[in-house]
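Please look at the sequence and structure first.

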Amino acid sequence: MAQISLTFPDGNSRSYDAGVTAGDVASDISPSLRKKAISATVNGAHYDLQWPIDTDAQIAINTMKDEAPALELVRHDLAHIMARAVQDIWPDTQVTIGPVIKDGWYYDFDRKEPFTPEDLGLIEKKMKEIINKRDDVRTEIWDRTRAVQYYTDRGEPYKVELIDSIPGNEPLRMYWHGDWQDLCRGPHLQNTGQVPADAFKLMSIAGAYWRGDSTRPMLQRIYGTAFTNKDALKDHLHRLEEAAKRDHRKLGREMNLFHMQEEAPGQVFWHPDGWTIYTELQDYMRRRQRAGGYVEVNTPQVVDRKLWEKSGHWDKYQENMFIVEVDEEHAREKAVNALKPMNCPCHVQIFNQGLKSYRDLPLRMAEFGSCARYEPSGALHGIMRVRGFTQDDGHIFCREDQIEPETARFIAFLSRVYADLGFNDWTIKLSTRPEQRIGSDATWDMMEKALGDACRAAGYDFELLEGEGAFYGPKLEFTLTDAIGRNWQCGTLQVDANLPERLDAEYIGTDGEKHRPVMLHRATLGSFERFIGILIEEHAGKLPFWLAPRQVVVATIVSDADDYARELVAALTAAGVRAEADTRNEKINYKVREHSVGKVPVILAVGAREVEERTATARQLGENQTRVVTMDEIVAELRLRATPPDLL
RNA sequence: GCCGCUGUAGCUCAGCUGGUAGAGCACAUCAUUCGUAAUGAUGGGGUCGGGGGUUCGAAUCCCUUCAGCGGCACCA
């Protein structure tokens, strides 16, 4: 039998018969390692202890102390254990797939009766029983016919369909947790007893389409979370609780920023304090864009369907548009309009006014454009996904050779803005040509390369989303993360040669001939609604001073200080600080608590002493100490802090 | 849009197997002028998301509809 050489992390090698398993190797090292071992890393790949190794390789035996493989195995084995538990309790349930995801796993089931929240407790209990049985995990490779026959006999059509979709050259691996069998790539633990019985929890039940396809059956998904020990689970659950406190919907209500109501689903009623954030942010963006070489425009809300037909949106997105029909008394036809779902066709109308020269390019046109999209009811989410929103939209009309420099310029612009707003952790995704597309491959090559090169030129890495681009061009997505880890696309840049064509945009080139410009659709914040939602969550409501809707409260301790408090407020207001006096007949404790809960960054307490000395006792949100400052000092200090970052 | 859950005073929530709604906070009034996270007393406020039905009687049961939440699908 052929011999292979396995090299361990410490550099030592041992020689084994080809086909040796990592389990054998672990035994060879020591019986105690064999017992503790959970898997092996073989040439960087994650191996089950039962899989044969056929070639020379680097090998490391993993134990529960190796976090990454341990988490993957624990979660994956739990997925199987959960599926076994569910089928134990409800034998008429069909199993489908159950992958490992961030922080845990899920498994999708097909069962007539819906699972209830109480069922989760039952399933957890059954899972613990299975873990305590310490059943061995076995694996075998089966041929297709046998596997298909097996699942057909067992009435598991989903598994049969899965097998059919696995490429023919891939082996079909079966796993058994005790006598419960599942088709699975592996790897898995040695026995169910290796799963910590106190470090997992079933989290929720949800619907999910089979294979992510809305035309296929809706399955029931159970989500679980798991870690390698009880404390890690506890920490994770604690983090979730903390994150829930940062939810913009909760803070929006508590801080009295906005509300939404039944009569206008998916649309925001901005309250004074919320609107202050909005306008402050908008003013900032307006200044940044002006400095960035944009011209600002504004275009109509209600636009005849003819334009949407021309742009192609009527065909593709009619279902998602708010249609406005107007009966003119003498009109032969009813006028059919749509609330604009986007600004680009309108911007092209402005571009098309008058002849444009190559000298006008790149023409950067910006609009705080209010759009309405009839989003599916289930898509709505607080102010992050709404039906009425305002984009910080912009379109750059340019030549093909300007795509890359303009994109690099935009990325630099965006990163400046994000940094000003406190975001350093964001990612770029590059979506490339989809199956259904227009334009030649050469054009797509050029556009994709321009975007990728621009990212690299700007010094940013990006994730490639193959086939996720729009039908007319590739796009960059700039993604931020909310309090509970959901990712949201905020900024975007899309290349589009289609719309200028459809709407006849053209410019005169150096040759005196007419040419088509390319359009770059771009947004930095994306929409004010979504971005403010993210902003609230990122800062847990404690916004940077310049964005805080209520920046300073001057709280009196005795009513004799009322006049002085008003004087202080007047001085702060004159210095451009949002200040208000709280002269209510309440104790200072009460006022401090109320405004702290309200996330006011600075509370200035004034009593007899302060009136006498013309000072204030300042307290910064989140700090317990106070400091005494003179009126002039505090006005100067807060004037500076209230200055937006671009004006510093 | 799909699956599931939820919908009771401004907010957070209680209300068992059906018998005409309750708490805390908030709010109002009065008293208190009290130095850094809730001063006390008194009081007003809801017909239980909307519509329909069953019943002698429904917040509690059924149907329907709307909205929200958790996912899935969608996201120009």
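Which helix gives the most to the surface near RNA strand B? Helix 18 does, with seven residues. The model is predicted.

## Surface near RNA strand B

RNA strand B is surrounded by 54 residues. M342, N585, R593, E610 and R619 are the closest. Of the RNA atoms that come within 4 Å of the protein, sugar and phosphate account for 49%. Sorted by class, the surface near RNA strand B has 23 nonpolar, 17 polar and 14 charged residues.

Several elements each supply at least two residues of this surface. Among them are strand 14 (200-209), strand 15 (218-226) and strand 35 (615-620). Helices are listed too, including helix 8 (248-254), helix 11 (313-317), helix 18 (588-597) and helix 19 (608-613).

## Polar contacts to the RNA

One contact uses the protein backbone: a polar backbone atom of G207 is 3.1 Å from a sugar or linking oxygen of RNA strand B. E262 uses its side chain, where an N or O atom is 2.9 Å from a sugar or linking oxygen of RNA strand B.

R385 reaches a base. An N or O atom in the side chain of R385 is 2.8 Å from a base oxygen of RNA strand B.

## Helix 13 against helix 14

Helix 13 spans residues 403-420, and helix 14 spans residues 441-458. Their axes come within 8 Å and cross at roughly 40 degrees. The two helices are therefore oblique to each other. Helix 13 passes helix 14 in a right-handed crossing.

On the helix 13 side, I403, E404, T407, A408 and I411 make the contact. Helix 14 brings M446, A450, L451, D453, A454, C455 and A458. By class, these residues divide into nine nonpolar, one polar and two charged.

## Helix 17 against helix 20

Helix 17 (residues 562-574) and helix 20 (residues 631-641) have axes that come within 10 Å. Those axes cross at roughly 35 degrees. The crossing of helix 17 past helix 20 is right-handed.

Y564, E567, L568, A571 and L572 of helix 17 meet M631, I634, V635 and L638 of helix 20. This contact has eight nonpolar residues, no polar ones and one charged.

## The ends of helix 5

Helix 5 covers residues 144-153. At its start, a side-chain oxygen of D143 reaches to within 3.1 Å of the backbone nitrogen of T145. G155 follows helix 5 and has a positive phi, near 70 degrees.

Conventions
Residues numbered from 1 in each chain as written. Chains lettered and ligands numbered in written order. Predicted model: local features only at pLDDT ≥ 70, side-chain atom pairs only at ≥ 80, totals over all residues. Heavy atoms only, no water. Near = heavy atom within 4 Å. Polar contact = N/O pair within 3.5 Å; in protein donor to acceptor, adjacent residues only side chain to side chain. Helix = DSSP H or I, 4+ residues; strand = E, 2+ residues; numbered from the N terminus. Nonpolar A, V, L, I, M, F, W, Y, C, P; charged D, E, K, R; others polar. Axes fitted to C-alpha atoms, helices over the stretch in contact; angles between N-to-C directions. Parallel < 35°, antiparallel > 145°, perpendicular 65-115°, else oblique. Left-handed = near helix turned anticlockwise from the far one by under 90°. Contact = heavy atoms within 4.5 Å.
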